[in-house]
Amino acid sequence: MVRDDLYYTKEHEWVKVEGDTAIVGITDYAQSELGDILYVELPDVGKTVSAGDVLATVEAVKAVSDVYAPLSGEVIEVNEALSTTPEVINKDPYGEGWMVKIKISNPDEVNQLLSPADYRNLIGE
Amino acid sequence: MSELLWEIEKEGRIGTKLPESGVPQREITDDLPERMVRRGKIGLPQVAEPQIVRHFVNMSVKNHNVDRGFYPLGSCTMKYNPKINERLAALPGFLNLHPLAPESSVQGALKLMAHLGELLCKIGGMDAITLQPAAGAHGEFTGLMTIRRYHEAQGNPRKKVVIPDSSHGTNPASIVFTGWEPVEIKSGPDGRIDLEALKPHLNEDLAALMVTNPNTLGIFEKDIKRVADMLHDVGAQLYMDGANMNALLGIARPGDFGVDALHYNLHKTFSTPHGGGGPGSGPVAVKEHLAEFLPKPVVVHRNGEYHLDFDRPNSLGKVQAFWGAFGVMVKAYAYILTLGADGLRRVSEGAILNSNYLLALLREHYELPYDATPMHEFVLSGEFLKKYGIKTLDVAKRLLDFGFHAPTIYFPLIVHEALMIEPTETESTEDIEKFAEAMIQIRREAEENPEILKEAPHNTPVRRLDEVRANKNPVLSWWDIAAGE
C-alpha cells in the first residue's frame with residue numbers, strides 16, 4: 001500500500017512534510033519485505049543529519065537494515081514507543097510506526113523525493 | 001516440550017554406585033575449614049542412568065543433522081563428515097595433549113600442524129599460513145589485521161575496504177573491527193563484481209577488496225584476475241573469503257588468480273562437524289609479502305625438530321588461546337590425506353555436478369534471478385509465490401515435513417525471498433531427486449493448498465516456532481525458566 005499524501009525514497013522510507021518538519025518512517029512494502037521487526041535503534045534527539053546518512057537501524061527476523069535520512073536537518077523527536085513495541089511498524093507503518101521527526105534545514109531537498117506514483121513504479125505496484 | 005532433567009528428578013535418586021571405601025572415612029571438616037564446605041545442594045539433577053540416556057536420545061531425534069538426512073544449507077557446506085576423522089582425532093596421543101607440554105614431547109602434533117599448513121597452502125596456491133583463527137569470521141578479521149599491518153609497514157594504513165553487495169554479513173563487520181570503513185558496490189546484472197562500480201574506489205585510501213569466490217550466488221567471479229590487477233595497481237590487497245572453497249579444490253587456486261590472503265573454513269570444506277556439532281577452524285593463508293605479519297607462533301621445522309616460533313617481531317600477535325582448534329586440524333588433515341589430490345578434485349567436481357543437476361530439476365518450477373551456470377550452490381527466488389500468499393519461509397518450513405533440512409533463506413540480500421541451496425558432493429543422485437520432488441510438490445501445494453504451507457511443519461516433533469518471541473525473550477536455561485515462574 002502506497003499512500004498519496006506522502007513522499008518516498010528509493011530506500012523505502014516515507015516522508016510526511018508538515019511546515020518545516022519531516023516525519024519519517026519505512027513503507028508498508030519495506031515492512032513486509034523485512035518481516036517481523038524485533039528492534040529499532042533510533043538516533044539521539046538533537047543529532048544533525050544529512051540526506052543519505054544512516055538515521056536508524058531496523059532489526060527483523062530475516063535481516064538488519066539501515067534507515068536513511070531522506071532530508072537534511074536536526075532530529076527533534078523520535079518515537080520512543082518503538083523501543084518496547086517495534087512490531088507497530090509491521091502493523092501500522094504510516095501511523096503509529098513513525099520513527100523520527102526532523103527539522104528540515106534544506107527545503108529544496110524535498111523536490112528530490114519520489115512522488116507516490118514514482119514509488120509505486122519502483123516497487124512494481 | 002519434553003521434560004527437563006530437573007523436572008523428572010527425585011530426591012535421593014542417583015545413577016552411580018561407588019565401591020566400598022577401603023580406607024577409614026574422615027569428616028570433610030577434618031581437612032577443610034568450615035567456610036570452604038558446601039552446605040547447600042550440589043545443583044545436579046538426581047536421576048538414574050536410563051533416564052539420562054533416554055532424555056538425550058529423545059532430544060537428539062528432535063533435531064535434524066547431517067547423519068539423519070539431506071542438509072542443503074547454502075554457504076555452509078553441510079557435507080557428511082566421515083567417522084574415521086573422529087576416530088583419529090580421538091586417539092589418546094592427540095586427545096590428551098596439553099597445549100603447554102614441552103615441544104620435545106609433542107613432535108607428532110607439531111608435525112601434523114606443519115604438514116596441514118603446507119597442504120592448505122598448496123591447495124590455495126599460497127605461501128604461508130596461520131592455523132589459529134577459531135572459524136570463518138575470525139579468519140576474516142585475522143586476515144584483514146594482517147593486511148593492515150602490511151599497509152602500516154608501507155607507511156599508510158589506508159581507510160576503506162570494498163565489498164560486493166552479495167557478501168557475507170560478517171565481511172563488513174570484520175572490516176569495521178579492523179578499523180576500516182566498508183564500501184559496498186552493486187553487483188552487475190550477471191551477479192558478478194561490476195568492474196565499473198569498482199573503478200571510482202581505486203586510490204591510495206583503498207586497503208583491500210573482500211570477495212567470496214564463487215560468490216554467494218554460487219557464481220564464479222570470472223574477472224577475478226582483472227580485479228586483482230586493478231587493486232594491485234593502487235597497492236590494495238585482494239582478500240578472499242574461503243567459505244565456498246568446496247567448489248575450487250584441485251580446480252583453481254586463489255593464489256593463481258591474484259588473491260593475497262584468504263581463510264579456509266576447515267569445518268566446511270574439509271569436513272569436520274559444525275553448526276552446533278563442533279568447533280570451527282579458520283586458518284588464514286597469505287602470499288609471501290604478508291607472511292611476516294601473520295599471528296604468532298607459527299610451527300617451524302628447524303634442525304630436524306618442530307618448534308612453535310614466537311620470534312617474529314612484525315607479527316600482529318596471538319589471535320587465539322593456545323594454538324587453535326587442534327582436534328579440528330586432525331580431522332581436516334585426515335580428510336585431506338584420505339582423499340589425496342585426485343580425491344579433492346573429485347570432491348569439488350561432485351559438488352558442482354550435484355548442484356547443477358539439482359538446479360536443472362528445479363529451474364522450471366522456481367525463479368532463478370541470476371541466470372549464470374552456478375558452481376557448488378545456486379540461489380532461487382520464491383518472490384513469485386507471493387501471489388498465493390506464500391513466503392520463502394513457508395517453503396522452508398514445509399521442507400521439514402519431508403525430512404529435509406531447509407536451505408539458507410533470505411540470503412544473499414540481493415535476491416528477494418532467496419532460497420540458497422548447496423547439496424554438497426556427499427549426496428547420492430537418488431537423494432537429490434527426492435529433494436527436487438519435494439520442492440516441486442511444495443510449489444504445487446503453494447498454488448493448490450497454500451494453507452498447508454502456512455501451517456507447516458506438520459510432521460516434526462516441534463511445530464513452527466515463534467521466532468519473534470524467541471528473539472525478544474530468549475529462555476536459554478533452567479534458571480531462566482525458574483526465574484519466570
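Here is a short exchange on a predicted model with chains A and B.

Trainee: How are residues, chains and ligands labelled, and which limits apply to the model?
Mentor: Residues are numbered from 1 along each chain as its sequence is written, while chains are lettered from A and ligands numbered from 1 in the order in which they are written. Side-chain values use heavy atoms, without hydrogens and water; in this predicted model local features need pLDDT of at least 70, side-chain atom pairs count only at pLDDT 80 or more, and totals for chains, interfaces and linings use all residues.

Trainee: What is the radius of gyration of chain A?
Mentor: The radius of gyration is taken over C-alpha atoms, and the globule rule is 2.2 Å times the number of residues to the power 0.38. The C-alpha atoms of chain A fill a box of roughly 35 × 35 × 20 Å along the principal axes. For 125 residues, a compact globule would come near 14 Å; chain A agrees, with 13 Å.

Trainee: What is the radius of gyration of chain B?
Mentor: Chain B has 17 helices and twelve strands. The globule rule gives 23 Å for 485 residues; chain B is close to that, so it is as compact as a globular protein of that length, and its value is 26 Å.

Trainee: What does the C-alpha trace of chain B span along its principal axes?
Mentor: The trace covers three domains, with bounds from an automatic or database domain assignment: domain 1 (2–36), domain 2 (83–338) and domain 3 (347–472). The span of chain B is about 80 × 70 × 45 Å.

Trainee: How many residues does each side give to the contact between domain 2 and domain 3 of chain B?
Mentor: The centres of these two domains of chain B, over C-alpha atoms, are 30 Å apart. Contact means heavy atoms within 4.5 Å. The contact takes 26 residues from domain 2 and 19 residues from domain 3.

Trainee: What area is buried between domain 2 and domain 3 of chain B?
Mentor: Buried area is the accessible area (1.4 Å probe) that two parts lose on being put together, summed over both. Carbon and sulfur atoms give 65% of it here. The total is about 1,600 Å².

Trainee: How many salt bridges and polar contacts join domain 2 and domain 3 of chain B?
Mentor: A salt bridge is a side-chain nitrogen of Lys or Arg within 4 Å of a carboxyl oxygen of Asp or Glu. A polar contact is a pair of N or O atoms within 3.5 Å; within protein, one must be able to donate a hydrogen and the other to accept it, and residues adjacent in sequence count only if both atoms are side-chain atoms. Between these domains of chain B there are zero salt bridges, and the residue pairs in polar contact (both at pLDDT 80 or more) number seven.

Trainee: Which residues of chain B lose the most area to chain A?
Mentor: The contact takes ten residues from chain B and eleven residues from chain A. About 890 Å² is buried between the chains, with 53% from carbon and sulfur atoms. Together giving 49% of what the chain B side buries, the residues are Tyr410(B), Val468(B) and Lys472(B).

Trainee: Which residue of chain A meets Lys472(B) in a salt bridge?
Mentor: Two salt bridges are counted between chain B and chain A. In one pair, N and O are 3.2 Å apart, and the partner of Lys472(B) is Glu87(A).

Trainee: Why are Asp229(B) and Lys225(B) about one helical turn apart?
Mentor: Their salt bridge has its closest N and O atoms 3.1 Å apart. The separation is about one helical turn because the two residues lie four residues apart in helix α9 (residues 224–233) of chain B.

Trainee: Which residue is joined to Pro297(B) by a cis peptide bond?
Mentor: Pro297(B) sits in the loop between α11 (288–291) and β8 (298–302) of chain B. Omega is about 0°, and the residue joined to Pro297(B) is Lys296(B).
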